[in-house]
Amino acid sequence: METDSIIPQLIANSVIAGSLYALLALGFNLIYGTTKFFNLAHGAVAVLGGYIMLLCLKSFGLPVWLASSIAILGAGLAGYLFERFVYEPLRARKASSMVLLIASLGIFTVIQAVIAMIFTSQFQTLSTAETGLYKVYGAVITEVQLMVMISVVVISVLLALTLKYTIFGKAIRAINDDEEVSEIVGINTKVIIRRVVFIGSAIAGVAGILIGFDVGLEPTMGLSLLMKGVIASIVGGIGNVYGGVVGGFILGFVENFGIWKISGEWKDAIAFALLIVFLVVRPQGLFKK
Amino acid sequence: MEYLIHIAVLISIYSILGISLDLVLGFTGLLSVTHAAFYGLGAYATAILLTSFGMNFFLAVLLGIIVSGVIALGFGIVLSRFRDDFYALASMGFNTIVFSVFLNWQSVTRGPLGIPGIDRPSLFGFEFSENIFFLILCVVFATAVYFISRFITNSSFGRVLLAIRENEEAISVFGYNTVFYKLLIFVISAMMASVAGALYATYVTYIDPSSFSLSESIFILAMIIVGGLSNHRGAILGAVFVILLPEVLRFVGFPTDIAAQMRQLTYGVLLIAFMLYRPKGLVGKYEL
């Protein structure tokens, strides 16, 4: 007989939440590393991915594999367009990172409003029928949550390999270190950055789809998703792709164990308290870049 | 006529918010995204003191100012370690925490239910229940905030703030304790915001946490960026602009639900457009 302790379920919940935060942090960090500004639209892009999935799956009745491909590419494309037509011109003008931050806030507001206009502000979920349940050491995990964990492993490994072994990855790392010098040695930084934003946004789209299946979608959830990604990144070390993954899991554990004794509504406050503690005590994060 | 008074009351309240945030953002260069927290603290303090203790409005405002000031002091001490985008991020954290307290400290704030039945202010037996009198009260407060802010920014204290904005290291070399200056202006700004909150609470007579979320802070930020930073008139112009805009959209004839989203959409587009083509805002004197 299994014990009816709550601990295994808490650990499972922490790992699941941590995986989602890690996904958000992966994309966010990737973009931050090359562009060096807080892209506050990142969470909204994730939500956009989720809603494109909703449209393809429920309204057009496409199969899951096709719908998710369209949603992921759609999120990536959205990120690409913002980079191309907003962030890039601003950077070319040598605008401060605050200007970029505020512009991304504008983009966030626009995405949120457009989603609410098309899909209404109602809460909607992607999951259709009941999904399979797995029991692991006394914790219950759904099929979707298993997918969440698999995706974060697959995407992190793919990203790590790309960064380490491909020419594209080496160019990204060069831009992370110094954009100007990279340009001088002949890297087409503009094109690389556009691609990075595309990939980062596409990863956000993956996160959005998984969240849509796991807990459901709401147009206004972008800001909270973004903040989770940002907090995970800062805890792990901003701009450090792997640090963000670790940070995501730390955030997942702190949040879920934090609400063990108090009500679940305090989750956001706990997350932000963690952020402020880290900003004060160790602003460079656990893993310095 | 009632309609015009309503618009004017809103513009006065948002002018107070805009002018006070501009002291921190426009004049001192600190990208604070937590103004709605102090706005909410003022509103909740006043609402609770009026409904549960039957206190006089003006006394409640004063206590609300003190509460906001003390909390701003605590936040400000932490925030003084950061600058630019990290400052923005940490301040967003504070807004979220205060919002969570409004939402979850149910025994005091009644959580998502909000606090209904807040009385209109009264002074020496005279009650500001007519909207026109309430408007006069708002305008008096807004004018006071305007002149206090102008006094601050024209004083030597204000010049140090400008210097901090332009080059903090340089001014600290001259022996100015920049942390003290940044802290003081942050606290003053928070106190002003709490006055706006008190007026809002007694005007609509009902408050709930949703009016004081991070989105509201972003809204106030967008307002003064559109109007123009580092200029008190810019803040007022911004308030007029963002309050009138949705009314115009309403006259165009969108259904209510879509109109609310159209408003958000317009603010977003404005923010992007201003950042791209006119980062100074309409009449701003400072570019981020």
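**Figure 1. Order of the elements in chain A.** From the N terminus on, the elements of chain A follow the order α-α-α-α-β-β-α-α-α-α-α-α-α. The model shown is predicted. In total, chain A holds 11 helices and two strands.

**Figure 2. Overall dimensions of chain A.** Along the principal axes, the C-alpha atoms of chain A occupy a box of roughly 65 × 45 × 35 Å. The radius of gyration of chain A is 19 Å, which agrees with the value near 19 Å that a compact globule of 289 residues would have.

**Figure 3. Burial and contacts within chain A.** Of the 289 residues in chain A, 54% count as buried. Where contacts in chain A join residues at least 6 apart in sequence, 78% of these contacts link residues at least 24 apart.

**Figure 4. The contact between chain A and chain B.** Here 36 residues of chain A are in contact with 32 residues of chain B. On the side of chain A that touches chain B, two or more residues each are given by helix 3 (64-92), helix 4 (97-119), helix 9 (222-236) and helix 11 (267-281) of chain A.

**Figure 5. Helix 4 of chain A at the contact with chain B.** Helix 4 of chain A supplies 16 residues, the largest share of the side of chain A that touches chain B. Sorted by class, this side of chain A comprises 28 nonpolar, six polar and two charged residues.

Key. Residues are numbered from 1 along each chain as its sequence is written. Chains are lettered from A and ligands numbered from 1 in the order in which they are written. This is a predicted model: local features need pLDDT of at least 70, side-chain atom pairs count only at pLDDT 80 or more; totals for chains, interfaces and linings use all residues. Two residues are in contact if their C-beta atoms, placed from the backbone, lie within 7 Å. Helices (H or I, at least four residues) and strands (E, at least two) are DSSP runs, numbered from the N terminus. Ala, Val, Leu, Ile, Met, Phe, Trp, Tyr, Cys and Pro count as nonpolar, Asp, Glu, Lys and Arg as charged, and the others, Gly among them, as polar. The radius of gyration is taken over C-alpha atoms; the globule rule is 2.2 Å times the number of residues to the power 0.38. A residue is buried if 20 or more other C-beta atoms lie within 10 Å of its own, exposed if 12 or fewer, and partly exposed in between; C-beta atoms are placed from the backbone.
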